[in-house]
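Dear colleague,

Please find the structure below, together with the sequence.

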2 protein chains.
Amino acid sequence: MSANEVLPKVLEHIDRDLDNSVERLFAFLRIASVSTDPAFAKDCKAAADHLSADLKSIGFDTSVRETPGHPIVAGSAKGEAGKSVLFYGHYDVQPVDPLNLWDTPPFEPSIKTVDGRKVIAARGACDDKGQLMTFVEACRAFKAVTGKLPLPITMMIEGEEECGSSNLLPFIEKNVAEFRKDVALVCDTGMWDATTPAVTTSLRGLLYEEVTIRCADRDLHSGLFGGAAANPIRILSRIIADLHDADGRVTLPGFYDGVAELPADIKAELDALGLTAEQFLGGVGLKVPAGEKGRSVLEQVSTRPTCDANGIIGGYTGEGAKTVIAAEASAKISFRLVGTQDPEKIRTAFRAFVHERLPADVTAEFIGHAGSPAIQLPFDSPSLKATRDALAEEWGKTAVTAGSGGSIPVVGDFKRVLGMDTLLVGFGLDDDRVHSPNEKYNLSSFHKGTRSWARILAALAE
Amino acid sequence: MSANEVLPKVLEHIDRDLDNSVERLFAFLRIASVSTDPAFAKDCKAAADHLSADLKSIGFDTSVRETPGHPIVAGSAKGEAGKSVLFYGHYDVQPVDPLNLWDTPPFEPSIKTVDGRKVIAARGACDDKGQLMTFVEACRAFKAVTGKLPLPITMMIEGEEECGSSNLLPFIEKNVAEFRKDVALVCDTGMWDATTPAVTTSLRGLLYEEVTIRCADRDLHSGLFGGAAANPIRILSRIIADLHDADGRVTLPGFYDGVAELPADIKAELDALGLTAEQFLGGVGLKVPAGEKGRSVLEQVSTRPTCDANGIIGGYTGEGAKTVIAAEASAKISFRLVGTQDPEKIRTAFRAFVHERLPADVTAEFIGHAGSPAIQLPFDSPSLKATRDALAEEWGKTAVTAGSGGSIPVVGDFKRVLGMDTLLVGFGLDDDRVHSPNEKYNLSSFHKGTRSWARILAALAE
């Protein structure tokens, strides 16, 4: 068979085999691999064993690799092309409580019809068992049709994504040669909407600081000292207020160094999506974007850097009135980063910004939390183009190149430790209720997701 | 005896009778009249009975008047002059814990020598048993020397000052005719320093508001929504920051309506005291006054109005980092008032100020706490002049006319319900440790305090 003949047969196989694919996913979903609760450690091991055996059955030399926590399923299969890929996913799932809010038991998967669409209902149906099985089923179809994979594939399926992935980075660092491939593929993100595929091409970085402002050496009576004593809540409020100008831009000197405008064609594509602020914010009770003036809501949450106060506390916070001037007040302040913004430079700038605003007698103490730069897949990456073309073939629509406002730490690890870009392609939908009761995955996401990966693997193998 | 002959004899009697006066105070101090703890209800009753009997013995028709809480000792004695006075004090005391920090048991009073000065050590030695007994002992001396009091005196000694005085106002309102006198006298404040007497002529008022800023209808992930979602901590911080200008003045429109400058002579007297910021703030770890520019620290804490944030909370305040945008944040904001500032006008102005600063989608909810105007004894009051002259005679120094930054609610009640000004004269010192372990009252405060009241009563009777 020529390459041109293979793909249609693989897709045909996927369609024909769908019921069996769903049955295999169900078997996987029945394993209660809740990673954060030690009571489910055996189930996590069982899920790893199950997945490893399944991958072996389609030609991977996988094994269950021990870590200080839950094991990692890893191994490779040979393939035809010279290019190689690493696929990352996770077999662990979120806890299920509150159990009484589930319509059917979380580990008894079933097909239901919701709003006229068939969905797979179970904990992990989407995140990430259903998603990672789209990739596995695509591999299985190639194996069934051609007896082999279209390109060499290495698997890395961890069991601690839902509880911090604390053993993953050491594992990657110990096995650099094994996992350094041409590109990484991850199926743990979402579509633009139910009919529009997406590739997540950027992830914002994060710089998180905690600052405590100290004034008097004790809490003071505001009647006796009010007027003369420095008030840490006032000083902290001033600092937080000063962090943005009237146009919603962050005022830290040098903050926008490394923040580039989007390429015109990408910007045009994003604008063409026509996402309204109401659509984006309506679900959480808001309507009007609160960010940088002159930027669309999509830019504000994905391609632009931000600053947010994530927490603040000081003085009396119980019921009623207490006339106290607090000795100290503190806040947690974080910055979402894009482009090549340098987290440590911004940390330094933030601390200087605070110090410049301290009146006499007043001190500031800092706790430095996370600092990670943004991830940006180059817009001219050939792998990205091949993937977008493959997705467009399957869905009949251009794949959105979305930026994600949040961070996925493993993508940063792949870049930093393995020097490897990551293609984030997933088929989740906003209403999949991941991490909540009644998690589901649309049957179309599962079916067309599998077909999508078949197309992507074929395209990357060219 | 002419009036001119009486006072020297009364003072002489006070000096001669000092040991007995101290013994009588000790008997009162031995009663553990802790008002806030129901376990001591019997002791409170015992203290009221003890005091009422003592007052009866010097000619008052006192009785122990029941309230829903601890009783009030009240009654009158006739006197020579046409002018009449009401004396207010309280027989209840603060709890004593932590008991292990007391050098001697709190209800076993004794005379000790501390830093070369004799002090009376016990719970209540100053606040308020020792202070109110200076007035009682002055009355007793008049009675002993002349067989009568120099002017009609009505007593009102409550037992719930340390736990909120919740039954006092209804008692006053029910007995207006009985307690409406020419002027009220209170002995529950302090001296300027150990050798300089003071009359507290103003008490700042208070307006206390709680505001909650609400944005989204749930907490949001700052990665996914950061940039587009309104952040209540930012909005609240901006409001708090906006409440002061760069000169430390409050920016609420109309805030300074009713705030007058001090009379030049009073201002000159205050300036002559030479209180430095270091003296006032040094004890709490501060050096530089943080209030209105161009005002002395004494003005800032007593004769000028202020605004303070007393508490703030929002978002994640536990350990570590959480990337949340809170749905709401709240703060407690209070204003100390002087002159004729109207608390309710300021409440309205504050709420309008907040509303003007709310972006789209954002709401504010308020809880109105205390609102009470400032109290100002007219500087040209004849009673004030008589009292200051009497104090100057006793101490050999001009009595400071101090403003107190805090409020004493009963003084407001006397003004509002009884239409009566109050002269606040007390002999407490900053190091008396009221409300703390090892409370004390200098023997000189007790002795010269008694002599001071004798002089004041004589002067008011003229």
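**Findings**

H435(A) lies in the loop between β17 (422-425) and β18 (440-442) of chain A; helices (H or I, at least four residues) and strands (E, at least two) are DSSP runs, numbered from the N terminus. The phi angle of H435(A) is near 70 degrees, a positive value in a residue other than glycine.

This is a predicted model, in which local features need pLDDT of at least 70 and side-chain atom pairs count only at pLDDT 80 or more, while totals for chains, interfaces and linings use all residues. Residues are numbered from 1 along each chain as its sequence is written, chains are lettered from A and ligands numbered from 1 in the order in which they are written, and side-chain values use heavy atoms, with hydrogens and water left out.

**Cis peptide bonds**

P98(A) belongs to the loop between β3 (85-90) and β4 (110-114) of chain A. In chain B, the peptide bond from D97(B) to P98(B) is likewise cis, with omega near 0 degrees, and P98(B) is placed in the loop between β3 (85-90) and β4 (110-114) of chain B.

**A hairpin in chain B**

β4(B) pairs with strand β5 (residues 117-121) of chain B in the antiparallel sense, over 5 bridges; two strands count as paired if DSSP finds at least two bridges between them. I111(B) has I120(B) in β5(B) as its bridge partner. The two strands, β4(B) and β5(B), form a hairpin with 2 residues between them, and D115(B) in the turn has a positive phi of about 50 degrees.

**Salt bridges**

Over all chains, the structure holds 75 salt bridges, each being a side-chain nitrogen of Lys or Arg within 4 Å of a carboxyl oxygen of Asp or Glu. One of them is formed by the side chains of K148(A) and E80(A) (2.5 Å, N to O). This pair links distant parts of the chain, 68 residues apart: K148(A) is in the loop between α4 (129-146) and β6 (153-158) of chain A, and E80(A) is in the loop between β2 (72-77) and β3 of chain A.

**The interface of chain A and chain B**

The contact (heavy atoms within 4.5 Å) takes 70 residues from chain A and 69 residues from chain B. Between them the chains bury about 5500 Å², 55% of it on carbon and sulfur atoms; buried area is the accessible area (1.4 Å probe) that two parts lose on being put together, summed over both. Strand β11 (residues 306-315) of chain A gives the most to the side of chain A that touches chain B, with 10 residues. Across this interface the rule finds 0 salt bridges.

β11(A) is joined by 5 bridges to strand β11 (residues 306-315) of chain B, and the two run antiparallel. Within this pairing, I312(A) stands opposite G314(B) in β11(B).

**Relation of the two copies**

The same surface serves both copies, as 99% of the contact residues of chain A recur in chain B.

With kind regards
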